[in-house]
Amino acid sequence: MPASPTDPIQRPALFLDRDGVLNEDQGYVYRWEDFRWIPGAREAVAAFNRAGWLVIVVTNQSGVGRGFYTEDAVHALHAAMAADLATAGAHIDAFYHAPQHPDAEAAAYRHPDPPLRKPNPGMILQALADWPIDREASLLIGDKPSDLEAALRAGIRGLLFEGGDLKAFLETISLP
Ligand SMILES: [Mg+2]
């Protein structure tokens with residue numbers, strides 16, 4: 001079962017970028033038909049679930065702001081990911097996405113420096129406010145320097161994932 005935001009005990013969180021960490025980054029993925037899990041991704045999520053970590057996705061989705069797809073499509077894709085993870089005995093506790101972009105067509109998504117958009121730390125800070133997270137024990141995995149900058153600015157240890165098997169990668173990390 002997913003954790004509750006009102007759990008009294010602080011837990012470490014595994015923050016995961018989405019595209020390039022959980023799924024192959026084919027550029028603006030928004031349809032389940034196009035979604036391909038990174039090898040070992042589901043198994044990695046399951047392992048951290050079992051270890052009592054929160055697992056939280058933080059994903060820039062400027063494709064929304066750019067008008068390529070809607071936020072409903074983002075939510076639908078995340079629901080499909082969740083359903084597929086459930087068949088692997090895994091779950092993501094929360095998804096955060098940043099739809100804004102400086103060049104967004106729609107004013108609602110246009111911002112010169114969107115606070116939620118990595119490398120800004122807004123999504124991580126929001127998760128830290130929403131969930132009982134042990135910040136010092138937490139970890140962010142990203143595939144771009146902007147992911148790691150966001151982690152640094154939120155006071156979270158960040159590590160670069162350069163492809164391969166996500167579970168095998170995480171097994172090489174020394175955890176606190
Ligand atoms: Mg990425």
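This is a predicted model: local features need pLDDT of at least 70, side-chain atom pairs count only at pLDDT 80 or more; totals for chains, interfaces and linings use all residues.
Local features need pLDDT of at least 70 and side-chain atom pairs count only at pLDDT 80 or more, while totals for chains, interfaces and linings use all residues. Residues are numbered from 1 along each chain as its sequence is written, and side-chain values use heavy atoms, with hydrogens and water left out.

**Exercise 1.** Find which residues coordinate the magnesium ion, and say whether D17 and D19 are buried or exposed.

*Solution.* Start with the donors (N, O and S atoms within 2.8 Å of the metal, or 3.2 Å for Na, K and Ca; water is not among the atoms, so sites may look incomplete). They come from D17 (OD), D19 (O) and D143 (OD), at 2.1 to 2.2 Å. Along the sequence, the spacing reads D-x1-D-x123-D. Next, check accessibility: buried means under 20% relative accessible area, exposed over 50%, partly exposed in between (1.4 Å probe, protein chains only). D17 comes out at 7%, so it's buried. D19 has 11%, so that one is buried too.

**Exercise 2.** Work out which backbone angle stands out at Y28, and where Y28 is found.

*Solution.* Most residues other than glycine have a negative phi, and most peptide bonds are trans. Y28 isn't a glycine, yet its phi is positive, about 55°. Now place it: Y28 is in the loop between β1 (13-16) and α1 (41-50), with helices (H or I, at least four residues) and strands (E, at least two) taken as DSSP runs numbered from the N terminus. At 37% relative accessibility, Y28 is partly exposed.

**Exercise 3.** Locate the cis peptide bond.

*Solution.* Look between K118 and P119, where omega is about 20°. P119 is in the loop between β3 (94-98) and α4 (122-130). As for β3, four of its five residues are buried.
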